[in-house]
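This briefing is for a reader who is new to the structure shown below.

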Amino acid sequence: METPKIFESEYRFCLILWENEPINSAKLARLCNEKLGWSRTTTYTVIRRLSDRGVVKNENSVVTSLVSKDEVQAAEIDELVEKTFEGSLPAFIAAFTRRKSLSREEVAEIRQMLDRCDSDED
């Protein structure tokens, strides 16, 4: 199943949900008011929209996510690489590293990830 598209304001909502789920919808509305400045009706509208798209479930006034933060982030990266770099992960990494210096620790962590990918193919 393809991860549904989540827009920026919805993502900020999901960050609150992922941190607090399962959560009563009234409590979630209070948190969204505190952290995002949203009214109760705005929060309930977002819950309904995300529920209709299969991102969250609102059952008996308890809201839970149906997609994880990792799934949403991976889908966003996939879309960015496809749209901006014509599907080329090396082109994405080259552009990224031209703009940002990586620490030795970050380079080592990336090497470990690549080594794991390489060993998974054996």
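The model is predicted, so local features need pLDDT of at least 70 and side-chain atom pairs count only at pLDDT 80 or more, while totals for chains, interfaces and linings use all residues. Residues are numbered from 1 along each chain as its sequence is written, and side-chain values use heavy atoms, with hydrogens and water left out. Helices (H or I, at least four residues) and strands (E, at least two) are DSSP runs, numbered from the N terminus.

**Helix 2**

- Helix 2 covers residues 25-36, and its 12 residues should span 16 Å at 1.5 Å a residue, which agrees with the 15 Å between its end C-alpha atoms; the expected span is 1.5 Å times one less than the number of residues.
- The buried residues of helix 2 are S25, L28, A29, L31 and C32. They lie on the same side of helix 2 because they cover an arc of only 165 degrees around the axis, the arc being that of the directions from the helix axis to the C-beta atoms.
- The cover over these buried residues includes helix 1 (8-20), strand 1 (23-24), helix 3 (40-52), strand 2 (56-59) and strand 3 (62-65).
- S25 has a relative accessible area of 6% and is therefore buried. Apart from neighbours within four places in sequence, S25 is in contact (heavy atoms within 4.5 Å) with Y44, I47, N58, S61 and V63.
- At the N-terminal end, N24 caps helix 2, with a side-chain oxygen 2.8 Å from the backbone nitrogen of A26.
- After helix 2 comes G37, with a positive phi near 75 degrees.

**Helix 3**

- The 13 residues of helix 3 should span 18 Å at 1.5 Å a residue, and its end C-alpha atoms are 18 Å apart, which agrees.
- T43, V46, I47 and L50 are the buried residues of helix 3. Their directions fall within an arc of 100 degrees seen down the axis, so they line one face of helix 3.
- These buried residues pack against helix 1, helix 2, strand 2 and strand 3.

**Largest pocket**

- The largest pocket holds about 470 Å³ of space. Its lining includes L89, F92, I93, L102, M113 and C117.
- Helix 5 (89-99) and helix 6 (104-120) each supply at least two lining residues, and helix 6 gives the largest share, 6 residues.
- A pocket is an open set of points on a 1 Å grid over the protein atoms alone where a 1.4 Å probe fits, with protein on both sides within 12 Å along at least five of seven lines; lining residues have an atom within 4 Å of a point. Grid points are joined across faces, edges and corners, and the volume is the space filled by probe spheres set on the points.

**Backbone features in loops**

- Most residues other than glycine have a negative phi, and most peptide bonds are trans.
- E21 and P22 are joined by a cis peptide bond with omega about -10 degrees; P22 is in the loop between helix 1 and strand 1.
- N60, in the loop between strand 2 and strand 3, has a positive phi near 55 degrees. N60 is exposed, with a relative accessible area of 71%.
- E86, in the loop between helix 4 (69-85) and helix 5, has a positive phi of about 55 degrees. E86 counts as exposed at 74% relative accessibility.

Definitions and conventions
Buried < 20%, exposed > 50% of the residue type's maximum accessible area, 1.4 Å probe, protein only. Polar contact = N/O pair within 3.5 Å; in protein donor to acceptor, adjacent residues only side chain to side chain.
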